[in-house]
Amino acid sequence: MIAKITTATTMSESPKLPVAFTSCSIGLPRHTLHQKIEAIKTAGFSGIELSLPDLVSFASRHFARDVADDDYETLREAAKSVRQLCSSHGLEIIVLQPFSNFEGWPAGSKERDEAFARAKAWINIMEAVGTDMLQVGSSDSVDIASDIKTLAADLGELADMLAEKGFRLAYENWCWATHASTWKEVWAIVEATNRSNVGLCLDTFQTAGGEWGDPTTKSGKVETAGVTESELEDRYANSLRELSRTVPADKIYFLQISDAYRVDPPMSSDPDHESGLRPRGRWSHDYRPLPYDGGYLPIRQFLDAVLATGFSGWLSVEVFDGRFEEKYGDDLFGFAERAIGAYYHITVAAQFRKSKVDGLCTPECYDFVRKEDVATFFGCLGWPGLIETAIPVCNLPTHALISQRIQPLPQSTQNLLIDKFCENPCLKDVGLNDPANDDCLVRLYLGSMNGTTTRFFSLRNFKLHLNQMLDLRLDVDVMASRMGPTLVVMHWGAKIDARDVEFVLGTSTERTYHMQPKSTDIKLDEPLTTARPLLWRRTSMWVLDFNQVRRITMDDAGVELAVEAVKLNDPYFPKPLRVVGYRETDMDCNCYRISGCFSQGNRTSQRRTG
């Protein structure tokens with residue numbers, strides 16, 4: 001592990017973290033592309049999907065006249081300026097989009113000729129703007145071919161045009177498309193093209209909203225053909241397992257994330273009489289918020305399936321929130337920060353699920369409450385005075401993330417901690433009966449020997465130091481061995497510095513039947529209670545609080561950030577070869593792999609700066 005960290009610069013030619021934002025997903029028609037780019041960069045994104053409507057709007061402002069979306073010469077000139085603008089902000093233009101209604105037109109038809117002429121013009125714009133990828137959405141036109149051979153032939157011809165410039169084609173299933181509405185159908189077409197520069201653009205909404213969700217039903221779920229809820233879940237899960245097994249990671253060019261609102265009342269199942277859009281098309285255009293911002297689709301499972309392929313490419317936020325004006329107004333910076341926060345939470349959680357660190361739990365995230373709505377939210381819960389009470393000790397107003405509650409440690413453990421570490425006999429009785437101590441979580445300070453008894457005692461976020469763990473005969477070997485892989489997941493999987501994260505003991509949500517323990521020792525993964533053998537919750541180790549984490553790159557700068565985060569954090573992490581008073585800790589040296597790589601990384605940093 002030491003070698004991997006200290007030679008990290010050989011692992012990635014690019015230090016950028018692949019997270020992008022779609023230009024048409026932020027702001028309103030009154031906001032300029034420059035304003036959008038400023039907000040996207042300030043929030044911490046490193047790439048941008050450039051939407052043609054944004055290029056048209058930019059060109060109209062830039063040349064002080066109305067520019068049509070087919071004035072390709074003018075758009076090409078404007079693209080050069082957009083390229084400079086993005087470059088000056090350190091943003092990579094990862095793709096030009098959305099190129100639509102291209103494939104399947106009859107040979108010799110006017111529509112087919114126009115589609116290929118449009119493709120040639122877009123390729124010229126790609127060259128001017130400095131991107132190597134074109135996103136193509138599966139066509140929703142009516143009078144097009146349905147056979148894979150014809151659709152693939154058209155895309156293959158487009159791919160050859162792109163290949164002349166060294167460009168790629170990312171084909172996306174639009175869930176309202178005429179013939180290729182699922183990931184499986186577009187993948188079959190991609191395979192049939194037999195072109196090395198053709199791959200997939202996958203999208204959480206397009207698959208979850210196409211195979212599981214439905215805007216025309218009251219439940220918001222697919223109800224056709226009498227499918228039961230259980231059958232729907234199984235069908236969706238089987239589809240995702242097949243995706244993980246069959247699609248190579250290098251054929252997924254990028255992944256877009258968004259959620260969807262449940263539509264109430266449900267939409268009509270007929271196409272819109274003005275736009276002609278099918279229900280899922282209308283749903284896509286106006287009902288797609290950020291993750292944790294009011295949606296309900298099972299996008300987490302789709303993200304897990306994509307990551308299971310080994311995918312590690314660009315992840316892009318693409319949302320179309322019809323409530324943007326009322327929710328965010330002109331606050332583009334706040335919205336972009338909200339988006340990067342959603343990215344962190346959804347990807348960190350996904351990396352933990354993917355890595356399956358043995359015996360470690362992470363809280364599920366459910367929803368997001370904007371700071372403007374926090375007071376109303378808590379008022380609805382019956383806690384109207386909570387904000388006023390918190391103002392003296394908290395920096396309010398602030399956003400709130402609604403997440404899973406970690407269940408407290410059982411009463412027998414609480415009694416043991418009070419008996420061992422509460423110095424004042426009078427406070428022991430008070431502590432045993434204080435309802436506030438029912439919210440008992442224990443912080444695990446494996447890097448500190450400074451635990452003492454105290455006269456002022458509380459079990460809320462109780463700080464348990466290494467010497468106290470040893471006195472309790474707590475299994476410190478197991479805890480240390482779980483911290484190491486957890487940091488590996490955060491650093492190498494999620495690419496974050498783990499700043500201010502916490503490791504605690506609580507109880508898991510998993511329930512099991514178990515016989516009563518024979519001793520009063522605190523042991524991981526064993527139920528702790530003095531009650532008769534009934535339904536138990538296991539004592540588990542949790543990692544939480546990711547709101548202060550920062551991105552890291554796979555180079556020396558990333559190592560420095562990771563080292564700094566460990567130094568600034570509370571002393572959770574064990575220190576190698578620590579002598580513990582009457583004996584030396586016998587924790588397996590494997591527990592210290594991360595600590596060792598931090599020490600080595602810090603020494604490397606000192607050599608560079610010294």
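Helices (H or I, at least four residues) and strands (E, at least two) are DSSP runs, numbered from the N terminus.

Good morning. What I present is a predicted model, in which local features need pLDDT of at least 70, side-chain atom pairs count only at pLDDT 80 or more, and totals for chains, interfaces and linings use all residues. Residues are numbered from 1 along each chain as its sequence is written, and side-chain values use heavy atoms, with hydrogens and water left out.

The chain contains 21 helices and 19 strands. Of its 610 residues, 52% count as buried, that is, under 20% relative accessible area with a 1.4 Å probe, protein chains only. Among contacts with a separation of 6 or more, 77% are between residues 24 or more positions apart.

Let me turn to helix α10, residues 279-286. Six of its eight residues are buried, so the helix is largely enclosed by the rest of the structure. Those buried are Pro 279, Arg 280, Gly 281, Arg 282, Trp 283 and Ser 284. Their cover includes α8 (204-211), β8 (287-288) and β10 (320-321).

Leaving aside residues up to four places away in sequence, Arg 499 touches Gln 548, Val 549, Arg 550, Glu 564, Ala 565 and Leu 568. With Glu 564, the pairing is side chain to side chain: a polar contact at 2.5 Å. A polar contact here is a pair of N or O atoms within 3.5 Å; within protein, one must be able to donate a hydrogen and the other to accept it, and residues adjacent in sequence count only if both atoms are side-chain atoms.

Methods
Buried < 20%, exposed > 50% of the residue type's maximum accessible area, 1.4 Å probe, protein only. Contact = heavy atoms within 4.5 Å.
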